Amino acid sequence: MSPARTVSAVCSHDCPDSCAVLVTIDESGKATRVQGDPEHPVTRGFLCAKVNKYLDRVYSPSRVLYPLRRRPGAAKGKQAYGRETEAFEPIGWDEALNEIAERLGSVAREHGPESILPYSYAGNMGVLGYGSMDRRFFHRLGASRLDRTICATAGADALISVYGKKLGTDPEHFRHARYIIAWAANIHGNNVHLWPFVQEARRNGARLVVIDPYRTRTAQAADWHIPIQPGTDTALALGLMHVIIEEGLYDRDYVAQYTHGFEALKEHVLAYTPAHVAGLTGIPAADIERLAREYASSPPAVIRLNYGIQRSQNGGAAARAVCMLPALIGAWKDLGGGLQLSTGGAFVFNSSALERPDLMLASPLQRPARIVNMSRLGHALTELESPAVKALFVYNSNPAAIAPNQNAVVQGLMRSDLFTVVHEQFFTDTTDYADIVLPATTFLEHKDFQGAYGHYFLQLSQQAIAPLGEARSNVWLFGQLAQRMGFTEPCFRDSVDDLIEQALAGRGEDGVTLQELEAKKRIRVASLPFANGVFATPSGKVEFCSSALAAQGLEALPTFHPPDESRRGADAHTFPLEFLPRKADNFMNSTFANLPGHQKMESPGLAMMHADDAGARHIRDADWVEIYNARGKIRLRARIDGSVPAGVVAASLNWSKLSTGGNNVNVLTSERLTDLGRGATFYSTLVEVRKLTPDEAQNLFPPID
Ligand code: SF4
């Protein structure tokens, strides 16, 4: 028995805040409390409602704690929640690793190693958990590489095209702002540690404006909510620039000294008059003018842009246009001014040491492997050839719930000739299709280190408790598998500390070391982005007009094009409503959706409709409805509460197996990709809604309050 103690960890869920967490451990080694670390300058001692109850998750009786194999004769397919073990039998790690190594080996020999597809994302944001030993393993195997596009690539490419780096205003500086625009950013819902800085600014007189088609918690708390039609953000940003330039409200000195392409931009935005933009966005022309004037004349002005706008067919253009606004008004000169989409570019590690892409040359391929886009998993599993995918290895993700075009994904996962391994903490929508399920650790059960995309602190996350049952980390799993596959490279025997040191060795002049992180817990790696006026773009300036994009056949200046699936698209006569498959405030994508406490906070299963759209379909509040399009359908209860504008219907992401009818919002979304970054286009989705007949509505679940 060791004495009771407190251990410093970092929340590794996919959230900009990367909270510092203190874990209290009792004499028996059990975690008895998690709380925010009050010494962290941004996350300041509190956790969100999702993670406050984290011990319910860690010690949940539903955890997967032992390796499992599908029982002979147990068919793949949806399994009632809580009864998944009926389809599996426990096996030891030895047996599991041997079987996986043998199956992957034979798939590689028979179909080529590229027929093996890893599938992972940010279910684990620790640097090592997200991508280290796993990448080494799949590179050495010669497996297909995964293009990790599901969340943020259009916005990242957009930000980089304008500023050269993925940096933004320090959250601590928001307190100095006088004008704050939350553009598609539900700060109060899913970036909660920025909220106190926003409130501090407001107490000092700042105004908070929210631009969002959905009346989020943040919109409800704002001084001004501007409900915009989905997919029209490019038009609004260009319209704001039109007013700012026409009325001479831009910062001439800043534009002259630090930007490139202003004259072309000036010409380009001429067409985006407030009247024209009003017709595109649904925002009155007077509001567009007022917003432009207030924004340009209330320094310091800051925009918290979030990733919603870039999950649209032309989301790259939208994010580029919004990102240009602070440069136009010279907002970067002011403490508290600028824009934050991501701070992730401050955390640069030695990725070639960590991921060892050179190992692909030692694989049977002896060349770089092909790349498969994770946003087109349905296509990859049902149509991809030369070679077809024959083995899928899922970790840090739940693709049967989160990937678009869910019916195609499930059709692929159902294939009897597909060997599927899932490394998970719980039985999920995806484990229903697994041949082997492996138990994964939570962030309390392994050591890692982590950057953030909402602040500038690099942090060490210590292992707080021993892994529960036989749960194992990603690093352990892929190191062991490599050895079973006979990979003799010493890098597969690297320890967690070896990996951290190798990753940090790439940070160049800031010279952060593991010893320093161990001693200090966290280190600030940046604070004032672009303060020196140097931009890592081809011109060395903020790029309004990008010749690099033009050279790739893309538009040099962001231009508004309505998404194919929008009220202006060809299919709008059949499916006239724009669908917002929202992230739930109280889940983290699909994580936490299975925990009863989180379900209770969220009330999923509702279709938010405007009164006009509901009335036209004879739908009343709480009626059962079906939302459908050519790809699929879901059944929900209508909620008519003013949260969406006319022409828009919204519902939140839930697990399919916990949803009425066994489907979630992704049966409706498509595999179409964004204009930049090959990203997913969840928010360019057309649907129709109909009221269910009493017969159809009989015996549906769940009820709502
Ligand atoms: S989910 Fe985000 S806000 Fe919640 S504890 Fe984790 S990092 Fe903090």
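**Loops, sheets and helix contacts in the predicted model**

N396 is found in the loop that lies between β15 and α18 (399–402); helices (H or I, at least four residues) and strands (E, at least two) are DSSP runs, numbered from the N terminus. The model is predicted, so that local features need pLDDT of at least 70 and side-chain atom pairs count only at pLDDT 80 or more, while totals for chains, interfaces and linings use all residues. Residues are numbered from 1 along each chain as its sequence is written, and side-chain values use heavy atoms, with hydrogens and water left out.

The phi angle of N396 is near 55°, which is a positive value in a residue other than glycine. Two cis peptide bonds are also described here. One joins P299 and P300, with an omega of about -10°. P300 belongs to the loop between α14 (285–296) and β12 (301–305). Another cis peptide bond joins S386 and P387, and its omega is about -5°. P387 sits in the loop between α17 (377–382) and β15. Most residues other than glycine have a negative phi, and most peptide bonds are trans.

Strand β15 is also part of an open sheet. This sheet is formed by 6 strands in the order β5-β4-β17-β16-β15-β6, and its pairing is mixed; two strands pair if DSSP finds at least two bridges between them. Strands β5 (88–90) and β6 (116–120) stand at the edges with a single partner strand each, so one side of each has no neighbour in the sheet. From one strand to the next, the twist averages 20°; angles run from 0 to 180 degrees between N-to-C directions, and axes are lines fitted to C-alpha atoms, for helices over the stretch in contact. Within this sheet, β15 (residues 391–395) and β16 (residues 419–424) run parallel and are joined by 5 bridges.

Helix α3 lies across β4 (68–70), β6, β15, β16 and β17 (436–439), and runs at about 130° to β17. Helix α20 packs on the sheet as well, where it touches β15, β16 and β17, and the direction of α20 makes about 150° with that of β15. Contact here means heavy atoms within 4.5 Å.

The two helices also pack on each other. Helix α3 (residues 93–111) and helix α20 (residues 474–484) meet at an angle of about 60°, and their axes are 9 Å apart. The pair α3 and α20 is therefore oblique; angles under 35 degrees count as roughly parallel, over 145 as roughly antiparallel, 65 to 115 as roughly perpendicular and the rest as oblique. From α3, the residues W93, D94, L97, N98, I100 and A101 meet W476, L477, Q480, L481 and R484 of α20. The residues of this contact between α3 and α20 divide into 7 nonpolar, 2 polar and 2 charged. Ala, Val, Leu, Ile, Met, Phe, Trp, Tyr, Cys and Pro count as nonpolar, Asp, Glu, Lys and Arg as charged, and the others, Gly among them, as polar.

Helix α20 has a further partner in helix α5 (residues 133–141). The angle between α5 and α20 is about 25°, with the axes 8 Å apart, which makes α5 roughly parallel to α20. M133, D134, F137 and F138 of α5 meet V475, F478, G479, L481 and A482 of α20. By class, the contact of α5 with α20 comprises 7 nonpolar, 1 polar and 1 charged residues.

Another helix pair consists of α6 (residues 153–163) and α15 (residues 315–328), which pack at an angle of about 40° with their axes 8 Å apart. That angle makes α6 oblique to α15. Helix α6 contributes A154, G155, A158, L159, S161, V162 and Y163 to the contact, and helix α15 contributes G315, G316, A319, R320, C323, M324, P326 and A327. The residues of the contact of α6 with α15 divide into 10 nonpolar, 4 polar and 1 charged.

A second open sheet has 3 strands in the order β1-β2-β3, with antiparallel pairing. Strands β1 (5–10) and β3 (31–36) are at its edges, each with a single partner strand, so one side of each is left without a neighbour in the sheet. The twist in this sheet averages 25° from one strand to the next. Strand β2 (residues 20–25) is joined to β3 by 5 bridges, and the two run antiparallel. The bridge partner of L22 is Q35 in β3.

The ligand is surrounded by C11, C15, D17, S18, C19, C48, V51, V192, H193 and M588; a residue is near a molecule or strand if one of its heavy atoms lies within 4 Å of it. This shell around the ligand has 7 nonpolar, 2 polar and 1 charged residues.
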